[in-house]
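User: I would like to go through this structure and check each label against its definition. Please start once the structure is shown.

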Amino acid sequence: MRKLRDEYGHILEEKKKEFREYAGINKDIHEYLIAKRNLEMLYLQDKSKNEKEGRDKRSRNSRTESVL
């Protein structure tokens, strides 16, 4: 019985250690995914802003050209 209890204690300690490692990795992955999502949103905002500015410049240029 004593041998089984010692083995169980050892296995339980390993489990706790590995779970802490798993929790840390899981937290890192979660933070990475949040950062990725934020960067994607910033990229899309920047892209749409650039497209809008490009449209504005084209429409302004076409108006001035047609007036001349």
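Analyst: I29 lies in helix 1, which covers residues 2–67. Helices (H or I, at least four residues) and strands (E, at least two) are DSSP runs, numbered from the N terminus. The model is predicted, so local features need pLDDT of at least 70 and side-chain atom pairs pLDDT 80 or more, while totals for chains, interfaces and linings use all residues. Residues are numbered from 1 along each chain as its sequence is written, and side-chain values use heavy atoms, without hydrogens and water.

User: How many helices and strands does the protein have?

Analyst: The protein has one helix and zero strands.

User: Why is I29 called partly exposed?

Analyst: Buried means under 20% relative accessible area, exposed over 50%, and partly exposed in between (1.4 Å probe, protein chains only). I29 has 43%, so the residue is partly exposed. Of the 68 residues in the protein, 0% are buried.

User: What makes the nonpolar surface patch around I29?

Analyst: I25, I29, Y32 and L33 make the patch, with about 390 Å². Patch residues have over 30% relative accessible area and no salt bridge; nonpolar side chains (Val, Leu, Ile, Met, Phe, Trp, Tyr) are joined within 5 Å, like charges within 9 Å. At 43%, I29 passes the area cut-off.

User: How do you know that E40 and K36 meet in a salt bridge?

Analyst: A salt bridge needs a side-chain nitrogen of Lys or Arg within 4 Å of a carboxyl oxygen of Asp or Glu. For E40 and K36 the N to O distance is 4.0 Å, so the pair counts. The structure holds one salt bridge.

User: Where do E40 and K36 sit relative to each other in helix 1?

Analyst: They are four residues apart, so about one helical turn separates them. E40 is partly exposed at 41% relative accessible area, and K36 is partly exposed at 39%.

User: Why is the aromatic pair of F19 and Y22 called tilted?

Analyst: The structure holds one aromatic pair. The ring centres of F19 and Y22 are 5.9 Å apart and the planes are at 40 degrees. Rings of Phe, Tyr and Trp (its six-membered ring) pair if their centres lie within 6.5 Å; planes under 30 degrees apart are stacked, over 60 edge-to-face, and the rest tilted. The F19 and Y22 rings therefore pair, and their angle makes them tilted.

User: What makes F19 exposed but Y22 partly exposed?

Analyst: F19 has a relative accessible area of 53%, so F19 is exposed. Y22 has 49%, so Y22 is partly exposed. Both lie in helix 1, three residues apart, about one turn of the helix.

Definitions and conventions:
Accessible areas come from the Shrake-Rupley method with a 1.4 Å probe; for residues, only the protein chains shown count as cover.
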